[in-house]
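Reader: I have a model open and would like to know what stands behind the labels put on it. Please set each value against its cut-off.

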Amino acid sequence: HVDPSLFVLEPFLADQEGLQVKPSCASTESGWITCDGPSSPIHSVISNQDGNSAMVLFVGRAFAANSKTLSGRNVKPTLHRVIATRENNHESEERRCSSRRSIIYEQKYDEYFPPPALD
């Protein structure tokens, strides 16, 4: 799905997989990229750098709908999903069954993007 807002920020990636994004150039079901958990390409790059952490920033429908008018750019909203942790991983049963927790911040501006852009 895509979010209705301007932006969505996930400032702390979860230790368990779940969040996936699909690049606009991906045309098949296998085009999803895992953003969190140990199998994430983001996790492997950031975990090699001491003291650094990654954030994921999504573009929402309201931003995409108005970007052409405001800046002359054609921007697509970020298609994303949250999936259940895979059962065939090599982690312990306790780890697989624990909850995935995340924090997000969603930016909306009613004055610039009135309904239905935010619906």
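Reader: Which residues does Asn74 touch, not counting residues up to four places away in sequence?

Author: Asn74 touches Ser67 and Lys68 under that count, where contact means heavy atoms within 4.5 Å. This is a predicted model, in which local features need pLDDT of at least 70 and side-chain atom pairs count only at pLDDT 80 or more, while totals for chains, interfaces and linings use all residues. Residues are numbered from 1 along each chain as its sequence is written, and side-chain values use heavy atoms, with hydrogens and water left out.

Reader: Why is Asn74 called exposed?

Author: Buried means under 20% relative accessible area, exposed over 50%, and partly exposed in between, with a 1.4 Å probe and protein chains only. Asn74 has 66%, so the label is exposed. The residue lies in the loop between H2 and E5; helices (H or I, at least four residues) and strands (E, at least two) are DSSP runs numbered from the N terminus. Its C-alpha atom is separated by 7.2 Å from that of Ala64, 10 residues apart along the chain.

Reader: Which residues of helix H2 are buried, and what do they pack against?

Author: In H2, residues 61-71, the buried ones are Ala62, Ala64 and Ser67. The buried residues of H2 pack against strand E4 (56-59). Just after the helix, Gly72 has a positive phi of about 75 degrees.

Reader: What makes Thr34 buried?

Author: Its relative accessible area is 10%, so Thr34 counts as buried. Thr34 is in strand E3, and Gln20 stands opposite it.

Reader: What is the distance of the polar contact between the side chains of Thr34 and Gln20?

Author: The distance is 3.3 Å. A polar contact is a pair of N or O atoms within 3.5 Å; within protein, one must be able to donate a hydrogen and the other to accept it, and residues adjacent in sequence count only if both atoms are side-chain atoms.

Reader: How do you know that E2 and E3 pair?

Author: Two strands pair if DSSP finds at least two bridges between them. Strand E2 (residues 19-22) and E3 have two bridges, in the antiparallel sense. The open sheet has three strands in the order E3-E2-E5, with antiparallel pairing. E3 (33-34) and E5 (79-82) each have a single partner strand, so they stand at the edges, with one side of each left without a neighbour in the sheet.

Reader: Why is Tyr105 partly exposed?

Author: Tyr105 has 48% relative accessibility, so it counts as partly exposed. Tyr105 is in strand E6 (residues 105-107).
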